[in-house]
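Here is a quick tour for someone meeting this chain for the first time. Have a look at the picture, then read on.

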Amino acid sequence: MDKKSYLGYWAESYKTDLQTNILPFWLTHGLDTVNGGVYTCIDREGNLMDPTKSVWFQGRFAYICSHAYNHIARNQEWLDAAKSTLDFIEAHCFDTDGRMFFETTAQGVPLRKRRYVFSESFAAIAMAEYALASGDKSYAEKALALFKEMRRFLSTPGILEPKYLPTLQAQGHSITMIMINVATCIRQVISDPELDKQIDESLFALRNYFMHEEFQALLETVGLKGEFLDTLNGRLINPGHCIETAWFLFDVARDRQMDQSIIDTALTILDWSWEWGWDKEYGGIINFRDCKHFPPQDYSQDMKFWWPQTEAIIANLYAYKLTGDEKYLKQHRMVSEWTYAHFPDHEYGEWYGYLHRDGSLAQPAKGNLFKGPFHIPRMMIKAYTLCNEILAGE
């Protein structure tokens, strides 16, 4: 493999695809020019299937538009779309208690609220990235204030409804990992001790609670002190989430003078999760595994979703950049070739999201309340940047 040509090819591919395919699809078919914000329930051809707005995606889209503006091109259309979506968030997506909704109507009338703080997490990273793009420091302050509210919601009993009754004391990996990313994004634009405190707390939890050497796996649900829960939920491995965690930690190591102990933790998670996730028969990253090899409970357990593939593309490029180990470049090639052979829709643009295990199409929609303009464009922006950094020897 000619590494220079290989990385140069992918860098250009990511940038071109983002600018000529992914973002134009969503700006054309998803951007709500009447009410502000973005629609994501879009069929294969770009037709609106449902005007319900995912609050997750209001933040995610504003983040992507700002992130692309900061790292790809100073495109005013992207910055305007980010501002429109942030305006929609601030006008319609917060409840009177400071928490955010999960769904609204097209006009912003609240429809649903959940016990999670993921809506807040995506709004916070959007505000931080927009602060960097626009130069408006007030959005950095808003991001930090929202982050601190998230920590209060998570730490104050009674604010968030617990997932289980008191008879089961458990904690989940998802919020542990997402808080690393939120803190990392915000600390690029504003400093505060709570940001590093959160990263340290999440890192401690990953190492001491969620990583289980006996299974060589990072588990999704454990006891409050990392106790192994020998149940369907307690044995669950989500390879895509774990691989995403690995590259979040690479970002932390970068910001901490290339802290080798953090790099080593991230590499261990990536190696374990690749072994669990890569489908040796059909290719691609599989949805769920059971650490004792029992059948997973989730009905989509053997499907191939779009987003774990994008996380694997980022993480393997990042691992190669940090280690120079060519096995990660080989894995990048494996997952890239499989992904690009199955997910892109060459007729109508964007990517499919849901495939069967063998790579055949399960359904052709381009978006819903959970799939939209986030994982794919984030991968393209991050991978473009990583390719260029590797080529420049950074």
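## Ground rules and surface

Accessible areas here come from the Shrake-Rupley method with a 1.4 Å probe, and for residues only the protein chains shown count as cover. By that method, the chain has about 15,900 Å² of accessible surface, and carbon and sulfur atoms own 50% of it.

Keep in mind that this is a predicted model: local features need pLDDT of at least 70, side-chain atom pairs count only at pLDDT 80 or more, and totals for chains, interfaces and linings use all residues. Residues are numbered from 1 along each chain as its sequence is written, and side-chain values use heavy atoms, leaving out hydrogens and water.

## The overall build

The chain has 12 helices and 12 strands; these are DSSP runs numbered from the N terminus, with helices (H or I) of at least four residues and strands (E) of at least two. Its radius of gyration is 20 Å, close to the 21 Å that the globule rule gives for 394 residues, so the chain is as compact as a globular protein of that length. That radius is taken over C-alpha atoms, and the rule is 2.2 Å times the number of residues to the power 0.38. Along the principal axes, the C-alpha atoms fill a box of roughly 55 × 55 × 45 Å.

Of the 394 residues, 57% are buried (under 20% relative accessible area, with exposed being over 50% and partly exposed in between, for a 1.4 Å probe and protein chains only). Now for contacts, meaning heavy atoms within 4.5 Å: among those with a separation of 6 or more, 66% link residues 24 or more positions apart.

## A serine inside a helix

S121 sits in helix α4, which covers residues 118–134.

The side chain of S121 reaches the backbone oxygen of F118 at 2.7 Å. Leaving aside residues up to four places away in sequence, S121 touches M150, I178 and V182.

## Two loop residues with positive phi

M258 isn't a glycine, yet its phi is positive, at about 55 degrees. You'll find M258 in the loop between α8 (239–255) and α9 (260–277), where it is partly exposed, with a relative accessible area of 36%.

E350 is another non-glycine residue with a positive phi, near 60 degrees. E350 lies in the loop between α11 (326–342) and β11 (354–355), and it counts as buried at 0% relative accessibility.

Note on methods
Polar contact = N/O pair within 3.5 Å; in protein donor to acceptor, adjacent residues only side chain to side chain.
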